[in-house]
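Dear colleague,

Please find the structure below, handed over for your records. A short account of the findings comes after it.

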Amino acid sequence: MTSSDTATFLEDAADRIADISRADLQIMLRRAALLLRNSGSIAFDGDIEEALRDLSGEFGKTRNDIVRFIVREWMEKNTYLPVHELDEDGDVDGTA
């Protein structure tokens with residue numbers, strides 16, 4: 001559900017507050033709170049959101065960390081950012 005859908009539901013509920021059940025109002029308010037809490041993030045289509053959820057669970061990272069990782073990888077692969085490569089003959093101090 002997008003933020004505009006939630007806003008529409010909340011406005012409709014405000015217009016007919018006497019007709020809205022307590023449970024429905026709680027659901028709408030919780031959705032609004034989640035949207036506010038995550039307002040810094042980008043909203044994607046459902047299939048992309050599902051893939052991001054799966055990836056974040058698989059990698060043990062947050063959704064926003066996964067989005068940052070994907071964007072960085074894409075930018076490096078398409079030469080919008082410099083790629084940091086290790087020199088084969090360089091010293092790596094025991095790490096690679």
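This is a predicted model: local features need pLDDT of at least 70, side-chain atom pairs count only at pLDDT 80 or more; totals for chains, interfaces and linings use all residues.

Residues are numbered from 1 along each chain as its sequence is written, and side-chain values use heavy atoms, with hydrogens and water left out.

Helices are DSSP runs (H or I, at least four residues), numbered from the N terminus. The axes of α3 and α4 cross at roughly 100 degrees and come within 9 Å; axes are lines fitted to C-alpha atoms over the stretch in contact, with angles from 0 to 180 degrees between N-to-C directions. The two helices are therefore roughly perpendicular, a term that covers 65 to 115 degrees. On the α3 side the contact (heavy atoms within 4.5 Å) involves Glu49, Leu52, Leu55, Ser56 and Phe59, and on the α4 side Arg63, Ile66, Val67 and Ile70.

Glutamate 76 also belongs to α4 (residues 63-77). Its relative accessible area is 15%, so glutamate 76 is buried (buried is under 20%, exposed over 50%, partly exposed in between, with a 1.4 Å probe and protein chains only). Leaving out residues up to four places away in sequence, glutamate 76 touches Leu81, Pro82 and Val83.

Tyrosine 80 sits in the segment after α4 and is exposed, because its relative accessibility is 55%. Beyond its neighbours within four places in sequence, tyrosine 80 contacts Trp74 and Met75.

Phenylalanine 44 lies in the loop between α2 (22-37) and α3 (46-59), and its 31% relative accessibility makes it partly exposed.

Kind regards

Methods:
Angles under 35 degrees count as roughly parallel, over 145 as roughly antiparallel, 65 to 115 as roughly perpendicular and the rest as oblique.
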